[in-house]
Amino acid sequence: MTAPDRSADAEAVGREVSERLGLDTDLAFFPVRHHSPTCAAKLEAFLDAHAPDAILIEGPARFDEHIGALLDPESRPPFAFVAVTGEAPARWVANRSEAPRAGVAPVRAYYPFCDYSPELVAMRAGAKLGAEVRFVDLLSPPAVDEGGEGEAGELARALGERLGGPDDGPLARSRYTTELCRRAGCRDFDELWEALFEQGGWDLTPAGWAQAVGTYALLSRQNYRTEELWSDGTLARERFMAAKIAEVARRKRRVAVVLGAFHAVALGGARDELRGTPSVPPPRDEAEVYLVPYTFPRLDALFGYAPGMSGPAFYQRVWDARALPDPFARAAEEVLLETIRLARAEGDVLGPADAIAALAFARELSALRGRPRVGRVEVVEAATSCFVKGEGALAGRRVLAALAEAMRGTRVGSLGRRAGQSAIAADFHGAARALKLPVAHGRPRPVRLDLERGALARRRSRFFHRCAWLGIGFCKRLEGPDVESGEGPAGAVERWTVQYVPEIDARLAELSPSGASVEEAASEALARMIAGAEGRAGEIAAHAARAILMGLEPLLGRLVPALARALGADGDPISLLAAAGKLRRLSAWRARIGDAPGVRLEGLAREAYEEGARRLGHLAAGETARGVGTVPALLSDLADAILAGGPAAPSRELVIAAARGEGREAARGASPLVLGAIDGLLLALGGAGADELAEGLASTRGLAEGPGAYLEGVLSLAPRALVSGGALLEALVGYATTSPFDAFLASLPSLRRALARLGPREAETAAARAAALLGLGAQGAGEALEVLTVSPEVAARLMAWERRWLEQEASWAGPAGALPDDDDLSG
């Protein structure tokens, strides 16, 4: 299959392309596509024969200082440069001393390399030849809009999508490509490229391959207007590349320039003017640059990396077999066998005979399409046709999943010592190996940790919590302690998933100024948070929980004085009671998992409870600021602490005195919910009786949702209050039977929320007693029980229905006092 030439004079186009590339001159331009094994093989042969003094490569000039690290023989591709800016998106961070703004997520751009990347092949050839090797591109093209949102958006897009479209994009989007796909029956640019230049180009000479690609690029480029190429930054980048090429060409006799095909034909066409191009100052749009391992799954075009080609493991096999007469056939055979192996592991019934049949089918497909070799598309279609057996949906999913993994691969790259791995990255990988965690696989792996049963599980848990706190991206918690929710640790079993992704090493590089280990970085980050929470007991207690979960006992020792100071300075009872609950649960959790604490927290918990109790008069204001529901949960925890006893338990007498005094008085008339919760606390602690609760309910009758909110507060702490004494239930029945209908209707939502807190037995008893008070008998008790046990969601729907019914009823009745006309009566 060859590319049709739309030009009337194909020979003239061929001559022009040959002149532009100048492969037999001292300034040769070789067109490439990122991660093309055929291109890499042709480039390797060309550079070996051309023997240039200098090799210039498309890639940010900012990377020049890292070329030695890229060529470290101990490193194993794939690996990548990652450019990181801490401020999104208007200004690049130029050096490590400039800290990113707090709260702004860094923007990262990846520039990956694999064994068959033409750029890496060019660097390795340069090292072999003793040639000077340089990168000649910008890190990001200048923004078209000078200022405002347009500039910010363009800069963020440029960095975030760098090598994610600008070079392959013009070829893929051109009208020439669209026409070629239509004529050749190719579904997209990737299939067209593979047919023309991978399968169809393997037997060409390096010059013949470059000529074919250059012709395709030149004819594609003719579809674009100058304005389009300015708008996407193409011409700005090429102007910079021209200046960098000129700088080297003036010094070196024989220069090879390795560029994306779209740029190669343009800059090669200006070769006569290049040597006179003036020098340019170093670019200002620089970011922090690190070299990090990368993965095949992220390199795959369908999975993560836009300008790469799909199936990196398939193309790696092509590259590894490049010395054979037909490396594509070898790669196809190996991928089909790997697909069978993976599918069999999932229960499929496939064998070598299926691979033989599929390979033969792939060869027939290639021949039918006029393609000299089996390509990626044929392998996929052959496997799909020959391997899917039995029930189509299930077998198809198994086969397609296995095929996708075999084509994509799971390889994770590694870096040698010359790559300058940071101390924290070395610590991370060393800790992961010591904890027997998978860091050499690109797929999520489940990890279950029973913290009561093993020291290894506890060490893994601490490591996971540190990584999660630092945002390293290695692990994700599915089940276990959650200090962010305010509930604190509860269970002794944690479930996580772990997965290596390239962002891990990029994030570790960003964290390197914070410490030489993951533990140091976590301690430093948490210490900053603690310093910012001075005087706020609830926040400091949450940080204490994090310190315990991360195993940062030394930091916990420094945290205790700050927490002790906060207990005296924090005037917010909600913050104090929240801190007390966290500290008490943390102590219980540590005892449960057998953790020997260096710092004991029970005394601080008791002090926090008592300080919170002394400030119960401020509860109503705090509840209003935080929303409904905070106070009942905190007072319920306070009651639990007293009833459970132990070193963390506050004084019962102190709490009862504070609740009966300032607490009730401040809540009365301000918050029926808080008043009810305080009365429920008193009832639970034996500091109040049913008669007082009945009086409390009656005192809220004039407030919006008063009785319902009061009852909700009471039942949150004392769910048996309605059945343990008759006074409260009698007061509730009296309210329901004597209130104006509109007032009772308005209170129904809160009453239903309150009654939904009753357990099944309490609800049954309360319904029977209410029916007896109303003289309704057994049937009335059953109906009352149905109302009491309805869920809050159903209650909300019932309320909406009731409201609509009453509105309709009012509209049917007409204006108050109006009588129907005689005609209406007669009708």
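Helices here are DSSP runs of H or I with at least four residues, numbered from the N terminus. What I am showing is a predicted model, in which local features need pLDDT of at least 70 and side-chain atom pairs count only at pLDDT 80 or more, while totals for chains, interfaces and linings use all residues. Residues are numbered from 1 along each chain as its sequence is written, and side-chain values use heavy atoms, with hydrogens and water left out.

Let me start with the aromatic rings. A pair of aromatic rings is described by the distance of the centres and the angle of the planes. Rings of Phe, Tyr and Trp (for Trp, the six-membered ring) pair if their centres lie within 6.5 Å, and planes under 30 degrees apart count as stacked, over 60 as edge-to-face and the rest as tilted. By this rule there are 21 aromatic pairs.

In one of them, Phe-189 and Trp-193 are tilted, at 6.3 Å centre to centre with 55° between the planes. Both residues lie in helix α8 (residues 189-199), 4 residues apart, which is about one turn of the helix. Are they buried or exposed? Phe-189 counts as buried because its relative accessibility is 10%, where buried means under 20% relative accessible area, exposed over 50% and partly exposed in between, with a 1.4 Å probe and protein chains only. Trp-193 is buried too, at 1%.

Phe-197 and Trp-209 form an edge-to-face pair, 6.4 Å centre to centre and 75° between the planes. This pair links distant parts of the chain, since Phe-197 is in helix α8 and Trp-209 is in helix α9 (residues 206-221), 12 residues apart.

Notes. Helices (H or I, at least four residues) and strands (E, at least two) are DSSP runs, numbered from the N terminus.
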